[in-house]
Amino acid sequence: MTDSQLPVAVIGAGPVGLAAAAHLIERGQTPIVVEAGDKVASSVRAWSHVRMFSPWQYNVDSAARRLLDKAGWQPPAPDAIPTGGDLVARYLEPLAELPAMRPHLRLGARVAAVSRKGHDKVRSEGRDRQPFVLRVEGAAGEDVIEARAVIDASGTWTMPNPSGADGLPAIGERGAADHIRYGIPDVLGGERARYEGRAVLVIGGGHSALNAIIELAALKQAAPKTRIVWALRKERVEAAYGGEAADQLPARGALGSQVRALVESGTIEVVTPFRVARIADGCSCGLRVSGEVNGSSRTIAVDEIIVATGFRPDLSFLREIRLTLDPWLESSGSLGPLIDPNLHSCGTVRPHGAKELAHAEPDFFIAGMKSYGRAPTFLLATGHEQVRSIAASLSGDAEAAGRVELALPETGVCVSRPIGVERAGEPVAAGCCGPAREEAAVQQTSACCAPAKPAAAAEASARQAGGCCPA
Ligand SMILES: Cc1cc2nc3c(=O)[nH]c(=O)nc-3n(C[C@H](O)[C@H](O)[C@H](O)COP(=O)(O)OP(=O)(O)OC[C@H]3O[C@@H](n4cnc5c(N)ncnc54)[C@H](O)[C@@H]3O)c2cc1C
């Protein structure tokens, strides 16, 4: 095989990896999709019980759709909202089984390292002419795949953030692992016995935390002794509710409204702003989680903890690749200022593709959830547009690669820094509400910037969440 005949390696057969393969196939390229799990979409399967917040119309990639349509696929209703399980069963599995796709998948193969053939990270001479080498581990042992380009779409699901407020595991967090789950455990299904009638602390203020709380509240209805304590870093619990009715994805807005009602009814005990520092098996009644609330020490006693503090990218297997990453988000290329949650939060992002996602290493891209690094609010529609552009770029179609188009539903809460405020010495490239810096100022007063909700549930949010163990 000459270098130009080598395949494009796609790491991960999640929704974005499979979409990348579909775009490459459509352009006559040869992808090889390397997936760690024994089945496609291994990470989505882990949250198959969770209902998504975006309806089908936003969840299906255009090239994947064209391949499926040719095979007589029956598409789900565009406005219906799938669970993670539906996404796999109705879309990703049929896509993976297509004769055009199946031969390109290598399942049960984890990418352990990526490099350039014969070149470590330091060596420049002739580097760009060398193929990539992917070290792959599977049941049959170690193997090497050579590729002319790499699209890393391995997501972030396998790298949850720890509970500690400083981004590190709380002291004792690893030791308490038997009582800690990360993400959104199946509280009403397979993990019901673990939480029924127990005191459960949910840590985190994003959509995963809201989902976990709603499921625990449903469990509490059936098992009233279940106690739910919610600890967030946010100054005010109201900030976690999001845009509610103003959210352009109603199912996403409804998460906040449901949790608001649960807090206001006293079903949930809220401790905020809580900065977790230590987790200890303090006494016979379970775990003692201690930290700081407004400068005072506080200890919460619970049986179980659900840590829903977001995710971060696994960069360990990219150690030999010359990455261009945002210094604090660890997002790809020049994406950082477009998605920085310190700057804006309305859930939209300016259309972007191969150019914005480029690294110092030519022909290497990170796409999908992982391209956002630690930033929240990634949507599948963003990933689909990313890989459409990357596939065009790798096929030499610069015009199609540069023509990026994306219309995303906004969260209904748009907080953006005033125009002129700089980010790490660089001008803010775009407000979250619109494509251009100048327009952002105008759009801040538009529908995407919903007024803040009135202060509510102050009493509930101030409620103490003590347990059987004295602080
Ligand atoms: C609970 C939840 C609900 C969400 N709801 C929505 C929603 O409603 N709408 C929306 O637009 N977005 C939603 N998202 C966000 C996002 O769209 C999803 O996380 C989506 O699955 C991201 O797709 P991905 O392909 O980038 O990554 P993933 O789905 O995480 O797929 C990555 C794949 O890579 C594999 N992999 C990982 N490491 C390796 C390795 N080293 N070697 C080989 N393979 C590897 C994994 O096994 C996995 O199959 C949601 C996310 C979560 C967690």
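Helices (H or I, at least four residues) and strands (E, at least two) are DSSP runs, numbered from the N terminus. The structure is a predicted model, in which local features need pLDDT of at least 70, side-chain atom pairs count only at pLDDT 80 or more, and totals for chains, interfaces and linings use all residues. Residues are numbered from 1 along each chain as its sequence is written, and side-chain values use heavy atoms, with hydrogens and water left out.

The protein contains 13 helices and 18 strands. Among contacts (heavy atoms within 4.5 Å) between residues at least 6 apart in sequence, 70% join residues at least 24 apart. The accessible surface of the protein is about 20000 Å², and carbon and sulfur atoms account for 51% of this surface; areas come from the Shrake-Rupley method with a 1.4 Å probe, and for residues only the protein chains shown count as cover.

Helix 4 spans residues 84–97, 14 residues in total, and its first and last C-alpha atoms are 18 Å apart, close to the 20 Å expected at 1.5 Å a residue (1.5 Å times one less than the number of residues). A bend of about 30° occurs at Tyr-91, with Pro-94 following within four residues; the bend is the angle between axes fitted to the seven residues ending at a position and the seven starting there. Tyr-91 is also one of the buried residues of helix 4, which include Leu-87, Val-88 and Leu-92. The packing partners of these buried residues are helix 1 (15–26), helix 2 (42–46), helix 3 (62–70), strand 3 (105–106) and helix 10 (380–394).

The ligand is surrounded by 30 residues, the closest being Glu-35, Phe-53, Ser-54, Met-369 and Leu-380 (a residue is near if one of its heavy atoms lies within 4 Å). Helix 1, helix 2 and strand 4 each contribute at least two residues to this shell. A polar side-chain atom of Glu-35 is 2.7 Å from a ligand oxygen atom. Of the 980 Å² of accessible area that the ligand has on its own, the protein covers 95%.

Arg-129 is located in the loop between strand 4 (109–116) and strand 5 (132–138). Arg-129 counts as exposed because its relative accessibility is 64%. Lys-117 lies 12 residues from Arg-129 in sequence, with a C-alpha to C-alpha distance of 9.4 Å.

Key:
Buried < 20%, exposed > 50% of the residue type's maximum accessible area, 1.4 Å probe, protein only. Polar contact = N/O pair within 3.5 Å; in protein donor to acceptor, adjacent residues only side chain to side chain.
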